[in-house]
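Have a look at the picture, then read on.

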Amino acid sequence: MTNHAAEFRGDLKEFHEMTDKFYKKEINVAQYKGFSGRFGSYAQRGGSKHAPPAYDWRRNQ
């Protein structure tokens, strides 16, 4: 049986890392879109106009 909670945590960690790279401009819009689309999240034009404050998902485990 699949452990969905563990799978979600792994996906969330990867999503957080890639989103952080996008906001830091370490990856471009095309790279982020290629990754984030499977999560239903898409790059904002300009990449920083509406960047949320830093969030450390590890603090809330």
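Which exposed residues does the face of α2 turned away from its buried side carry? They are Ala30 and Gly34. Here, exposed means over 50% relative accessible area, buried means under 20%, and partly exposed is in between, using a 1.4 Å probe and protein chains only.

Before going further, a word on what you're looking at. This is a predicted model, where local features need pLDDT of at least 70 and side-chain atom pairs count only at pLDDT 80 or more, while totals for chains, interfaces and linings use all residues. Residues are numbered from 1 along each chain as its sequence is written, and side-chain values use heavy atoms, with hydrogens and water left out.

The chain holds 2 helices and 0 strands; helices (H or I, at least four residues) and strands (E, at least two) are DSSP runs, numbered from the N terminus. Of its 61 residues, 16% count as buried.

Let's start with α1. This helix has 20 residues and spans 28 Å from first C-alpha to last, close to the 28 Å expected at 1.5 Å a residue (the expected span is 1.5 Å times one less than the number of residues). Its buried residues are Met18, Thr19 and Phe22. Seen down the axis of α1, they fall within an arc of 100 degrees, so they line one face of the helix; the arc is that of the directions from the helix axis to the C-beta atoms. Part of what covers them is α2.

Now for α2, whose buried residues are Tyr32, Phe35 and Ser36. These fall within an arc of 85 degrees, so they too line one face of their helix. They pack against α1.

So what makes up the largest nonpolar core? It's a set of 5 residues: Met18, Phe22, Ile27, Tyr32 and Phe35. Such a core is a set of buried Ala, Val, Leu, Ile, Met, Phe, Trp, Tyr and Cys residues joined through side-chain atoms within 4.5 Å. Each of α1 and α2 supplies at least two residues of this one. Leaving aside residues up to four places away in sequence, Met18 touches Ile27, Tyr32 and Phe35, with contact meaning heavy atoms within 4.5 Å.

Finally, check the loop between α1 (4-23) and α2 (29-36), where you'll find Lys25. This residue has a positive phi of about 60 degrees although it is not a glycine. Most residues other than glycine have a negative phi. Lys25 counts as exposed because its relative accessibility is 55%.
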